[in-house]
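Here are some friendly notes to read alongside the model. Please keep the view open as you go through the points.

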Amino acid sequence: MIQPFERKKICLLTWGCQMNEYDSELVRSILKKEDYEFVKDERQADIVMLNTCAIREHAHRKVYGRVHSIRHERGKRNPVMIGILGCMATNLRQDLLEDRSLKIDFIAGPDSYKRLPQLIREACDEGQKSYDVTLSEFETYSDVYPSRKEGVNAWIAVMRGCNNFCTFCVVPYTRGRERSRSPENVVDEVKRLAAEGFKQVTLLGQNVNSYRYEDHDFAYLMDEVSKVEGIERIRFTSPHPKDFPDRFLELMAANPKICKHIHLPLQAGNDRVLDMMNRTYTKQEFLSLVDKIRAKIPEIVLTTDIIVGFPTETDQEFDDTLEVVQKVQFDSAFMFKYSERQGTIASKKHPDDVPEAVKTERIVRLNEIQKDITARKNQAHIGQVHEILIEPPAGDKPDAHMVGRTDGNKLVLLKEDSPLEKRKVVFFKIGDMAKVRIIDATPHVLKAIPV
Ligand code: SF4
């Protein structure tokens, strides 16, 4: 029999969205309290945990492949315990438990992380598979302070779950219904983050602007968070277009700490397709919202998500999406080809009938249009002065460039070609707000020199 306290080294691998990254920070905090140690290299671990995502195509195949390769590498002489966490744990629990080749030891869904120490012990002591994928109507982990990596930005989940049931999405099934933390609890955590030196917080939620705690809405929460001294910038992601009251936009416009960037998921630009997706807005309503946002916050940076090839989407209907993209001129867009997710309404009601070649052709067209728009939008910044928040350099090479982000969340690379530029850049520290002039732009990055 394996004793749990002999097996203390954990390697935690994370896939998927920012909420999953945040959940991994919660898991680290919960297990560190039980004296578990976290290692980066899975070869040194006694336990490998995979925090999984069920949103993207083939995600489960990647996870299955990784489990097989870990089992193969470790062999029988050096066995390892394997646990599956996250959305796949809820969505594919039966498959995971029944697949004998995977030999999963324990499974924990997104609302069961506080039970992980017990699940690990059960799997160790009794040598049996243990699992808990119960969805909670109350769990917000408001009493767990995440074990975060150092940096300038801290993610903080203010609400969890989703009530919207977009027909293509598994989140309502894998993460349950919406619930929010109290404003006091969130503000206390933000104060602690400021004291630790974080300069920016990003409020997180599946529908972050649907936040509601008793009589308090998202505008109230943002306002309270912005009063915390030491925090220079506040961001949020991801909102739903249905929850943008005027009061919130007016607060955004007036409050210098709230960054002028909204990630506004469009998903599709045709009314019939939007209705089939259950997005609860029409093309015109989305365009009117964009007009309203721009009227109140002219400098706003808008980004989006788009799905191409939803079941039965015709070429003409896809043209409506292109029309919205041309009209709105998003700063950038994440684009996905539709693919079925087990358990969703779309997977039950609508066969995935748009041929793969058609989806590819549509995403290529969309990508070309958006690439031009992004390039133009970025070029328009040349000559402008921006205040950027200096971040840790991308990559760990010693000659890595210093980087930062504008208020609108554009990545800025500091050029240090001339001796004068080098001398100025050398004074910047991670976490500084630095004034820079944009001198060049590509679709991916702005290049700047210190002012
Ligand atoms: S709003 Fe729609 S896409 Fe977003 S998490 Fe909820 S169901 Fe999924």
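1. Which strands make up the closed barrel, and with what pairing? The barrel has 5 strands in the order E17-E18-E19-E21-E20, and its pairing is mixed. From one strand to the next, the twist averages 50°. Strands here are DSSP runs of E with at least two residues, helices are runs of H or I with at least four, and both are numbered from the N terminus. Two strands pair if DSSP finds at least two bridges between them.

2. Before going on, please note that this is a predicted model: local features need pLDDT of at least 70, side-chain atom pairs count only at pLDDT 80 or more, and totals for chains, interfaces and linings use all residues. Residues are numbered from 1 along each chain as its sequence is written.

3. Leu414 stands opposite Ala448 in E21.

4. Next, find the ligand. Around it are Cys162, Asn164, Phe165, Cys166, Cys169, Val171, Pro172, Gln206, Asn207 and His240.

5. Helix H7 (residues 183–195) packs with helix H8 (residues 218–226) at an angle of about 30°, their axes 9 Å apart. H7 and H8 are therefore roughly parallel to each other (the term covers angles under 35 degrees). Axes are lines fitted to C-alpha atoms, for helices over the stretch in contact, and angles run from 0 to 180 degrees between N-to-C directions. Pro183, Val186, Val187 and Val190 in H7 meet Tyr220, Leu221, Glu224 and Val225 in H8, where contact requires C-beta atoms, placed from the backbone, within 7 Å. The residues of this contact are 7 nonpolar, no polar and 1 charged.

6. For helix H12 (residues 315–328) and helix H14 (residues 356–379), the axes come within 10 Å and cross at roughly 10°. That makes H12 roughly parallel to H14.

7. Finally, two backbone details. A cis peptide bond, with omega about -10°, joins Thr237 and Ser238. Asp35, a residue other than glycine, has a positive phi near 70°.

Notes: A residue is near a molecule or strand if its C-beta atom, placed from the backbone, lies within 6 Å of it. Angles under 35 degrees count as roughly parallel, over 145 as roughly antiparallel, 65 to 115 as roughly perpendicular and the rest as oblique. Two residues are in contact if their C-beta atoms, placed from the backbone, lie within 7 Å. Ala, Val, Leu, Ile, Met, Phe, Trp, Tyr, Cys and Pro count as nonpolar, Asp, Glu, Lys and Arg as charged, and the others, Gly among them, as polar.
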